[in-house]
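Subject: Structure for your files

Hello,

Here is the structure we discussed. My notes on its cavities and cores follow below.

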Amino acid sequence: MNKIIYLLSFVLGLTLTANAQIKISGKVSDQGGQPIRGALIQEVGTSSNNTISKEDGTFVLQTTKVNMIDVVLADAKRKRVLANGDGELKIVMDESDVIENMGHASVTSSRQTQALTTVTSDEILKNSSVSVSDAILGLLPLNFRGNSSALVVVDGFPRDWTYLAKEEIESVTVLKDALATALWGARGANGVICVTTKRGSYNSKKISVSYVHGIGLPTNIPQMADASSYANAVNEALTNDGLPVRYSPTDITNFTSATADPDLYPNVNWLKQAFRDHTENNQLNLTFQGGGNRIRYFSLINYKNDFGILNPKYTEYDGRFSTQKRSYGLNIRTNLDIDVTKTTLVKFTLLGKLSQGNGPYSTDASIFNNLVGIPSAAFPVFTQSGLWGSNNLFSTNPIANIASTGYGMSNGQMFQSDIRIIQNLSMLVNGLSAEASVSYDNNATYAESQSKNYAYQVNTPVVNSSTGIITKNSAQRGNESALAFTTSLANQFITSAIEGKVLYDRTFGANSLVASAIVRQETIFPLGRNTTRKRQYFVGTAGYDFQGRYLLDLVINQYGTSLLSEGDKFRTYPAISAGWVISKESFFNSKALDLLKLRASWGKSGYDGNLQYELDRQYWVGGSGYTLQDGNVSAGGSTREGTLPVDYVTPETGEKLNLGFDLKAFKKLTIVGDAFYERRSNILVSGNGVISKAIGITVPSICTGINDIKGYEISATWNEDTRPFKYYVQGNFSFAETKVIENNEGFVAYDYLSKKGRAVGQFYGLQAIGYFNDLADITNSPAQKFSIVKPGDVKYKDQNNDGKIDQNDVVASGYSTALPEIYYGMKLGFEYKGFGVDVLLQGITNYSQVLNTPSVYWPLQNNTNISNWYLNDNIRWTDATKATANLPRLSTINNANNFQNSTQWRVDGSYFSLRNLNVYYNLPQSLTKKIGIANCQVYARANNLFTTYQYEKFDVGNPALTSILMGLKFNF
Amino acid sequence: MKLFIKYTITISLILILFSGCEDFKVGDQFLEKRVSTDATLAKVYSKKVYAEEVLAEVYRSLPSGLMTPLKFAWMLLEGVTDLNSNSKPGLTFDYGLQTSSTGPANMPYTIFDDKGNRGAISGIRNAYLFIENVDKVPDMTQSEKDIRKAEAKVIIAYHSSDMFRFFGGMPWINHSYNPTDNFKTQRCTAAAYVDSIVGLLDKAAAVLPWSVAAADDGRITKATAMALKVRVLLFAASPLFNDAAPYLAGEAADKKYVWYGNYDKARWQRALDAGMDFINQQSQNGIYQLVKTGNPRADFQAAYFNRGNNEILISSRWFVTHTDNYFANGQFEQGVAASTLNLVDMFPMADGTDFSWDNPDHAANPFFKNGIPVRDTRLYETVVINDDQYAGRKAQCYVGGIDYIKFARFDGFLCRKFRQDMVTNMGKYFEYPLIRLPEVYLSIAEALNELDRGAEAYTYINMVRQRSGMPGLKTGMDKVTLRNAILRENVLEYAYEEHRFHDLNRWKRSDIYATTAHLSGLQINKVGTSYTYQKIATVDPRLTYENFSPRLYLQPIPIAEVQKNYGMVQNPGW
């Protein structure tokens with residue numbers, strides 16, 4: 001064995017110094033020159049030979065030969081350096097040493113040939129968003145590379161990440177190219193977000209306490225018309241429809257009169273009534289991070305609460321319960337790393353989370369739809385007699401819908417755990433280690449609700465035909481009912497995984513070899529039938545580099561999923577990549593340029609997320625029953641055919657090519673650029689286009705769709721530290737263009753109807769070319785038979801010149817409504833003598849949106865409401881505004897003509913936003929030391945302070961919030 | 001090394017502890033699907049009881065004419081005609097404004113329904129699946145299997161006849177398709193389609209028993225097959241298909257998908273023959289007869305409502321019981337089914353003479369005189385009449401009364417049929433009659449009249465009238481007058497049973513469609529203990545009929561199917 005190694009070493013140009021003692025000494029420090037305590041220094045290949053840096057950052061390690069050593073800090077940073085025993089090593093741990101975790105494997109940027117983006121805790125903590133996913137959203141484009149629904153991995157196992165507190169996260173790495181995503185087989189093709197939580201470091205202790213108080217200000221709430229504007233609009237619409245008006249001039253004056261009976265002439269701003277002007281939230285956070293010689297720990301207690309946006313005047317109305325939207329969450333985490341022996345490391349990761357939510361019994365959708373959809377002129381919140389107001393037409397009182405329908409409460413309990421045992425086997429073979437890990441997560445949400453009905457009063461005016469005096473006729477409708485109690489297990493899922501891994505990591509002088517073999521099984525077990533998913537991975541990886549100059553990596557993943565057909569459960573995902581660090585070549589001699597690396601990768605990964613068990617087999621399911629008997633007999637059973645099987649079920653395959661470069665210059669500038677091309681095939685597409693519905697059952701889909709995605713990403717960072725002043729500026733830009741190659745659309749009557757060659761999610765619609773001026777215009781134009789057309793209705797272009805407007809006149813215009821093509825952003829900040837500012841700007845463009853919210857954009861029809869957007873912010877068609885109108889005439893009738901999918905309602909979805917602003921001050925340490933505090937920071941943050949929309953689409957559902965946070969943080 | 005072994009054991013122990021021994025599998029075995037209760041085709045046809053459940057689902061595909069959100073957007077087919085208004089605010093009344101791309105839920109009839117268990121095409125598929133597989137069942141006799149297959153065939157014919165009435169000749173589906181089959185199925189000519197339906201019915205009738213025991217009530221019988229044949233042939237003989245010119249020019253007309261291509265009197269004869277065949281079988285085998293106990297009002301109610309009454313020849317039992325979920329009183333009261341004065345005025349006086357508002361006695365006492373009903377008894381069972389017994393009290397349809405429709409544009413009446421008194425039908429077991437015996441009689445009468453044998457027609461019309469206590473029709477009418485009298489009798493007998501719509505279309509009655517632009521209502525005012533009546537011409541949003549187009553006689557084929565370019569030629573005018 002030794003002989004072979006000797007021979008190998010000889011061939012590879014290595015000189016072996018047998019059995020000589022080499023003393024390696026050095027000092028570990030951070031970029032600012034501060035010594036780092038508790039870093040692990042270990043010999044590559046014989047990692048049991050290790051030591052820990054002292055308080056001043058120094059260390060001494062005895063070895064027998066010239067070799068590489070690894071410096072590892074709290075499992076978050078790692079640096080590999082050559083140690084030949086000559087002089088003192090100066091080891092500076094900087095951001096290029098950040099461990100980029102890919103789940104089953106990790107890499108640092110010097111060795112990296114994958115396309116990855118990583119953000120670390122510093123950046124995440126600066127963000128003003130309360131939730132991690134929101135914070136990350138600002139920092140990374142999550143719908144990257146034309147795909148959405150990326151896999152989220154936390155500490156190596158697929159998990160939900162929305163519940164995590166920012167303080168427990170060490171880093172987030174996004175896996176983009178084939179080499180990285182092939183590791184995740186058919187879960188990886190849409191990209192993978194790997195979250196790594198914090199861990200302790202040796203011989204150190206850090207306690208941190210922080211408190212944040214936040215307020216949220218609702219923004220982007222639609223402004224609905226007041227009572228008299230509404231009444232005028234309804235009259236205008238009825239006149240347009242050729243129907244008698246509903247409100248007399250007296251009615252309209254009464255809506256604005258202080259003396260008119262509010263039961264008959266109400267003017268209610270429902271949205272203003274429903275919401276208070278701000279929400280409040282608090283967060284208390286306590287972390288303990290550190291360790292001794294053998295045990296390291298990171299522990300966190302995080303408590304969050306949020307007091308909702310609803311008006312307390314109404315949420316406490318019932319007295320017996322509150323319907324305020326409140327949430328509370330408590331995270332308790334303990335991450336332990338124990339060196340059981342010199343060669344055995346056990347890592348525990350435990351997170352418990354308790355959460356509670358409260359809110360009205362009515363759903364958010366019902367609340368918002370009623371607040372927006374009920375006109376201010378409909379009825380008062382309360383009638384003069386103190387009952388909820390209502391009328392026969394609308395019946396739901398939007399405020400009673402919040403205050404008096406009961407409440408719903410949810411109670412979430414979650415436990416996440418994994419254990420990983422890493423055994424160094426260098427006593428068997430140098431560089432060999434084995435790892436076994438198991439994860440078990442259990443997540444359940446219990447729901448409790450009590451619901452009730454409420455009594456309301458309907459007031460209708462009665463006009464005395466002779467005197468003209470208006471009196472009201474009041475009738476009580478509905479009844480107050482008792483609270484009806486229900487409770488349920490709203491959702492539960494158990495996920496577990498088990499993994500075994502053998503790793504071989506060795507250097508032979510200037511040559512490094514890393515290889516691993518991984519076996520992994522995952523089970524996801526949610527409530528319900530046919531929902532359990534099982535997956536299995538057999539992964540082999542190999543990486544080689546020569547002097548850190550030529551890099552080569554290989555991944556092969558034999559991946560199986562329970563969703564595929566019997567006997568056909570496995571697919572193979574290979575990937576290969578190469579890197580060339582030109583700046584390390586001897587011919588390359590530039591003082592200014594610190595690094596220039598070229599990277600290329602090619603390979604495959606898949607996506608099985610939208611497969612179903614039912615796809616590959618035919619099931620018969622219970623029908624609704626049928627009675628075949630005389631007299632009063634209930635139904636007998638019935639059975640019907642389930643969905644037809646798909647001919648050949650296979651996961652989506654993403655074949656990805658990535659070309660990239662990393663450049664560093666002047667010790668301050670970093671530029672990373674990547675260009676990519678992906679062919680996504682085997683997409684599950686509908687068979688409807690080619691198979692007739694005469695089949696009599698839902699036409700099965702087919703895995704034959706193909707899309708192409710190509711684009712590029714570039715980011716440049718300038719980072720200068722001339723203490724006491726330091727600053728940074730970063731700009732980034734990404735472009736991704738999607739194109740449908742095959743979608744099984746079948747026959748199309750005209751070329752322009754084909755979706756092939758267009759972006760995925762491309763907007764299609766009729767082309768609005770103005771409004772009909774008069775009856776002659778209608779007569780002389782192609783027939784539009786969606787509904788009876790009158791002057792002021794939208795006029796469409798007859799694309800095929802067949803004299804009528806129908807689905808054959810639909811054309812592509814604008815961009816995709818699914819994903820923007822371009823994301824861009826800027827980060828900048830500075831710090832001077834403890835005072836600092838961070839700014840994060842973000843924008844998207846090449847994106848289309850469709851305005852289709854009833855009442856807000858589509859007014860009055862089917863007894864809906866109308867917004868100021870329609871009435872005041874735009875020009876609707878009337879006889880007087882013919883020339884300048886940009887919206888069609890008002891109408892009360894279901895006007896299908898105007899509300900076709902058309903360019904009338906398509907808008908530019910671009911925006912540019914100041915996503916995050918952070919202003920902080922670190923109290924001078926000279927001051928804080930006196931009271932035993934290492935450092936203390938006060939800060940104020942805000943998100944979404946301003947956003948410039950090309951077109952501001954109102955958010956349906958919960959109103960968007962601008963949040964402002966004030967925080968205080970101590971480190972001990 | 002010792003250490004290594006020690007830790008390997010520890011690791012293994014922990015792994016086993018965590019994952020639980022019973023779940024620990026490796027390789028393909030691990031990737032097995034967890035147990036579920038899904039049934040395979042083999043299981044479904046392994047026992048008679050399961051096979052019968054498949055057939056029950058085939059029966060379930062039979063349509064219901066009552067309002068549900070699943071069909072025609074809550075509306076009634078009657079609401080397209082002059083009989084009724086769907087005037088509830090907020091209802092999307094876009095009949096006549098529909099296009100070939102209107103969604104199936106807003107169409108009066110759905111051929112292609114993705115839900116899998118409703119709609120003609122899926123009913124046909126399920127029927128063929130049953131026919132193709134039932135022979136595998138071990139515990140059924142051959143004759144049982146043959147009868148059940150024949151039942152399934154009649155259901156295929158029923159759906160095909162409905163498609164014929166709404167679309168004309170359609171592709172003839174003769175087996176259950178696989179996605180890989182060739183779908184290049186052309187539409188059939190109207191003639192070929194009728195012959196296919198009739199051929200299937202004849203085959204089924206040869207196997208089916210004339211009637212079934214009460215325990216099998218609701219099943220298809222030979223009588224069903226023969227009555228359905230009468231309906232199909234009568235429809236085919238009507239001028240929509242049987243005329244010198246097509247109702248509208250177009251490719252589908254040129255290819256004779258939507259008419260025969262000429263007028264042939266023999267088509268009426270064929271309908272008459274089918275009717276007489278039924279009458280012959282009935283006289284030989286008995287069983288079927290009109291419900292007639294001598295109490296006309298109760299008899300008429302029992303005739304359309306009661307299971308096992310030997311008058312209903314085929315019915316749909318979509319639902320188990322009448323509940324508010326699909327047959328909502330609330331919907332009625334808000335104006336979904338507001339009967340028009342046009343409908344009410346069609347009901348004659350009890351002595352058989354026509355009602356007229358110009359007759360002062362009629363106008364003063366249109367419904368009751370001294371508390372005694374003055375009109376055809378069927379009126380009081382079809383429409384809620386002011387002051388009639390209703391919901392355990394007197395109906396209050398006057399302005400301000402409890403039953404005054406709150407939002408309807410048609411005041412004064414609301415539908416009573418199927419709803420009855422709003423209370424006693426709730427919870428009753430559900431049945432919607434698709435063919436009742438009177439249809440055979442009235443069809444024979446119509447065919448006789450068209451064959452210039454009008455004098456023989458009265459017998460059959462009067463059989464129906466007598467059950468309701470009405471005197472016979474005045475004899476000696478000319479052909480056109482008698483034809484109109486028969487169409488009117490259809491209204492009196494079948495209002496809210498989806499006959500009027502088809503009658504108007506097959507007789508190309510654009511004149512009656514035109515009247516629906518100006519339908520009338522009745523405003524009843526209570527003055528002291530008596531009532532005053534004011535006829536009101538109401539505003540109805542049926543703007544369609546101001547520009548009525550004959551294209552409405554047949555519905556558009558969904559554009560998505562036409563666009564697949566396999567031979568679904570669009571109907572004229574769409």
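In this predicted model, the lining of the largest cavity takes at least three residues from each of domain 1 (2-60 + 109-288 + 556-562) and domain 2 (85-98 + 291-541) of chain B; the domain bounds come from an automatic or database assignment. A cavity is a set of points on a 1 Å grid over the protein atoms alone where a 1.4 Å probe fits but cannot get out, and lining residues have an atom within 4 Å of a point. The largest cavity holds about 150 Å³, the volume being the space filled by probe spheres set on the points. Of its 14 lining residues, those closest to the centre include Glu439(B) and Arg506(B). Helix 15 of chain B (helices are DSSP runs of H or I, at least four residues) gives the largest share, four residues.

The largest nonpolar core has 176 residues. Such a core joins buried (under 20% relative accessible area, 1.4 Å probe, protein chains only) Ala, Val, Leu, Ile, Met, Phe, Trp, Tyr and Cys residues through side-chain atoms within 4.5 Å. Helix 7 of chain B gives the most to this core, 12 residues. Phe278(B) is among the residues with the most contacts inside it. Beyond four places in sequence, Phe278(B) has contacts (heavy atoms within 4.5 Å) that include Trp210(B), Leu313(B) and Val440(B).

Residues are numbered from 1 along each chain as its sequence is written, with chains lettered from A and ligands numbered from 1 in the order written. Local features need pLDDT of at least 70 and side-chain atom pairs 80 or more, while totals for chains, interfaces and linings use all residues; side-chain values use heavy atoms, without hydrogens and water.

Regards

Conventions
1 Å grid on protein atoms, 1.4 Å probe; cavity = no way out; pocket = protein on both sides within 12 Å on 5 of 7 lines; lining within 4 Å. Helix = DSSP H or I, 4+ residues; strand = E, 2+ residues; numbered from the N terminus. Buried < 20%, exposed > 50% of the residue type's maximum accessible area, 1.4 Å probe, protein only.
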